[in-house]
Amino acid sequence: MEKVIGIDLGTTNSCVAIVENGVPTVIPNRGGYKTTPSMVAVTEAGKRLVGHIAKRQAITNAENTVYAAKRLIGRKWNSPQVKNAVATSSYRIVQGPHADVRIVLREKEYGVPEISAMVLQEMKLIAEDYLGEGVTKAVITVPAYFNDNQRQATKDAGEIAGLDVIRIINEPTSAALSYGFGKNVEKTIAVYDFGGGTFDISILEIGSSAVFKVIATAGDTFLGGEDVDARVIDWLVQGFKEEHGIDLRQDRMALQRLKDAAEKAKCELSSVRETEVNLPFIISSGRNEALHLQRTIDRKTLEELSADLIERTVDICKQTLADAHLEKEDIEEVVLVGGMTRMPKIQQAVADFFEREPCKGVHPDESVALGAAIQGSALTDDKQEMVLLDVTPHALGIMTQGGYFEELIPQNTTVPTHRTKIFTTSRENQTAVKIVVMQGESERAEENELLGEFILTGLRRAPKGTVEIEVTFEINADGIVSVHAKDLETGKEQSIEVTASSGLTRDEIKDMLEGAKDYMVERRSTEEFESAKQEAERIVGEIERLFPQVEQIVAASDFGRDAIEKARAIVTKARAAIAKRDVTAVKAEIEGLSRTHRMFKGVVAKTH
Amino acid sequence: MPDDPPKKPSAGPAESGADENDRPTVNPPFDVEAFARLASGPQRRFSTEAPTQPPPPGHPAVELQQVREQQITVTNEVELEAARVASTLRSQPPPAPPSALSMADARAPSSPTVPAVVPPGRSITPTSIEAAVLGAIGSSAGPEITERTIDDPLAEMRERFSLGDYTGALEMSELILAEEPGNLEAAECGENCRSVLEQMYAARLGPLERVPLVVVPRTQMRWLSMDHRAGFILSLIDGSSSVELILDVCGMPKLDALRILQELVQQKIVAFR
């Protein structure tokens, strides 16, 4: 059975998991970390960096480091979120050819799905290294509020990364899956997800036969652990300024170190009451004197610095419960997701609000990826029975006269579904009607997302309000939205199938896929060469170390001299192969080098 | 990012090591001390040109060298120190014309009024060399020695490059380019210098795949002598990142990063596995 990986493609960090022998497991990356920063950078030398490496240079190479691409994926150029990102991002965001968003790194334009694909490719590699075999199938998670375009863009990113995305599932659903795995629970739960860059609260129903249903979801896409880090940085910068009169923000290297130290201190304060931030040689003063930053921060200070941020999350929880017409008492369990929920103050705030201790049975960083892996396994294993009932993240409807939005399918409706509504003409003798299909919650149509439009013609000439048009919305299990409009009198009908778009054309996706494949071939080849080179150089070093001793022992005979000459020739050939970066030749030379090394060791051993 | 602070004029062991590394030049094929004495002579005008070949027999420098060798049996540490001071003082250039390109020379840090050190209670009968030296000291109210002026920066750059003083040539090329950004010769020379220096520092560091480690205990780190750029590089050394990776992520020009890393290794702050 083909392995399916579950990927939590996060705003700040991503995680990959798999179900092995029935046990869901998170796969650590090469550095041993179970999460990988969702960051991509291109260095001055044109080298692509993904993950921790990209994060470590995010401030010193800010113009060429992409973070939080998830906030842009599948969005239109003129959306408010994109405008906000253009104004606040350190990297350059430009308009794409299809009113989509492109990111410029070292003068090259990348589609947002292409950037996310680089992160997904990294996660794929992590899984492949761990499993020792190729992986192609994946389940990827997205926030519950993602619209169809954003979901499609995530799918496209998977395709560019060389993955067959067999399902896109909602993050809270995934966390709930992880929570409910192996338990026979029927509960209404709240998933409080406070990650690095976003906050989400979702209410789910876990029904009998492992049916998961998202009842409500809300959040803030610009509220996360990074905001807390920023507060700690401000505190450190202010303290340093008071002491030395120097603003550390003016120096990128200092700021990079501060960012790393602030995040580290924040994490440490979840388990200890105080910690020291020690950054020697943080900056040089005008008197050419290196200055050090050394400050102790305690948990209370961190809590004070982040109090309003925590309060904001509680306000969103309150609003979400109200929107879902639920009381706190209706929530039977609160599941904490996201690294920030390790902070004791947050756990306390959640417990205070929901009036119950949150469940600590799921790993905050891993549960979403684990849930995706569980779903992936269920989809490929016929023996497992699991039904995920996902809901429409946003309401669907049409634009009516006056620029209003008429809702047909409400937000959070379980899919598949269909709804029908009768409309009438709005003008005298109207013979055609334009059906504008939209998605969103605003009463004003212009504030919602346009999905598509079509015109139903051939209507009977009649006074306004007398011709009846039946409009039907249908969403199938794959999330495809179809809209039909029918003149009830004549039976004439017209329809549209709304296909979500990531903003990339098929040709562009194909080209990006080819580019990604080439990159992988090059990367694998470089890794292969580096590995062979290291091995060859190690043996060459050993041989050279033994040369004087062996020469002394065998140089007296012709045979010995000949052997020495041959050994030298092998070393020279190996060096030449390394210099030419010829991986096949280097690998071929390793055998000869190993033989020579064994012989040398034998000669030395016999004479001692 | 603020400009790099100028190097400290006084040099501790680490600093002096760093200076040497900044000037990875082969020892000149002539006697520096003799040349300095010659330069300090009343008839000799200062020139930035250093001989590139040993002077021929009969050349004043050789004659001076012979004199010096003859005096070696009677020369003591005091005399040598005095000679060093004199040569330092005398080898400073005359005041420059106002139009000349000026360059602060951090490697000429000594004070213009440093007296020769003579242990108290000891009388010295001056030899002819000593007399010359002492005379030189006496009349050493020379120009400001922390400033050096160069009439022809391009010639200076070429000269330094030909002498293998790539750091100096690079500095000159950068100065020229600051004044004249379109100067192709300076740009090319600068590029060549960078390339040579990068190779040199990389060669000193060894294979770039190696993983450096900080060997100085964290508690003692603040007592080290280094600047914030070295501090930043040090912060990137985590025991798992290779030199190559550090160069990629540090965000500094490769040459600067290599030089700093090499200095950290030389100062035994950083070692390899």
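Me: Which elements of chain B have the lowest and the highest mean pLDDT?
Reply: This is a predicted model, and among the elements of chain B, strand β1 (residues 101-104) has the lowest mean pLDDT, 34. Strand β3 (residues 212-214) of chain B has the highest, 95.

Me: What makes residues 38-145 of chain B a stretch to treat with caution?
Reply: The pLDDT is below 50 over residues 38-145 of chain B, on a scale that runs from 0 to 100. The model still has 118 contacts there beyond near neighbours in sequence. Residues 1-30 of chain B also stay under 50, with 49 contacts beyond four places in sequence. Where pLDDT is low, predicted coordinates should not be read in detail. Chain B averages a pLDDT of 64, and 45% of the residues score at least 70.

Me: What ipTM and pTM does the predictor give the complex?
Reply: The ipTM is 0.72 and the pTM is 0.72.

Me: How do you know that chain B touches chain A, and how many residues take part?
Reply: The criterion is C-beta atoms, placed from the backbone, within 7 Å. By that test 23 residues of chain B are in contact with 25 residues of chain A. On the chain B side, α9 (228-236) and α10 (243-249) are the elements that give two or more residues. The largest share, seven residues, comes from α9(B). By class, the chain B side has twelve nonpolar, five polar and six charged residues.

Me: Why are α5(A) and α10(A) called roughly perpendicular?
Reply: Helix α5 (residues 171-180) and helix α10 (residues 367-380) of chain A pack at an angle of about 80°, with their axes 7 Å apart. Angles of 65 to 115 degrees count as roughly perpendicular, and α5(A) and α10(A) are therefore given that label.

Me: Which residues meet where α5(A) packs on α10(A)?
Reply: From α5(A), the residues include L177(A) and Y179(A); from α10(A), they include L370(A) and I374(A). The residues of this contact divide into seven nonpolar, five polar and one charged.

Me: Why are β21 and β24 of chain A said to stand at the edges of their sheet?
Reply: Four strands form an open sheet in the order β21-β20-β23-β24 (chain A), with antiparallel pairing. β21 (404-409) and β24 (449-456) of chain A each have a single partner strand, so one side of each is left without a neighbour in the sheet. The twist averages 30° from one strand to the next.

Me: How do you know that β23(A) and β24(A) count as a pair?
Reply: Pairing requires at least two bridges. Strand β23 (residues 433-439) of chain A and β24(A) have seven, in the antiparallel sense. The bridge partner of V433(A) in β24(A) is L456(A).

Me: How far apart are the C-alpha centres of domain 2 and domain 3 of chain B?
Reply: The C-alpha centres are 25 Å apart. Seven residues of domain 2 of chain B are in contact with ten residues of domain 3 of chain B. The domain 2 side has four nonpolar, no polar and three charged residues.

Notes
Residues are numbered from 1 along each chain as its sequence is written. Chains are lettered from A and ligands numbered from 1 in the order in which they are written. This is a predicted model: local features need pLDDT of at least 70, side-chain atom pairs count only at pLDDT 80 or more; totals for chains, interfaces and linings use all residues. Domain bounds come from an automatic or database domain assignment. Two residues are in contact if their C-beta atoms, placed from the backbone, lie within 7 Å. Ala, Val, Leu, Ile, Met, Phe, Trp, Tyr, Cys and Pro count as nonpolar, Asp, Glu, Lys and Arg as charged, and the others, Gly among them, as polar. Axes are lines fitted to C-alpha atoms, for helices over the stretch in contact, and angles run from 0 to 180 degrees between N-to-C directions. Angles under 35 degrees count as roughly parallel, over 145 as roughly antiparallel, 65 to 115 as roughly perpendicular and the rest as oblique. pLDDT is the predictor's confidence in each residue, from 0 to 100.
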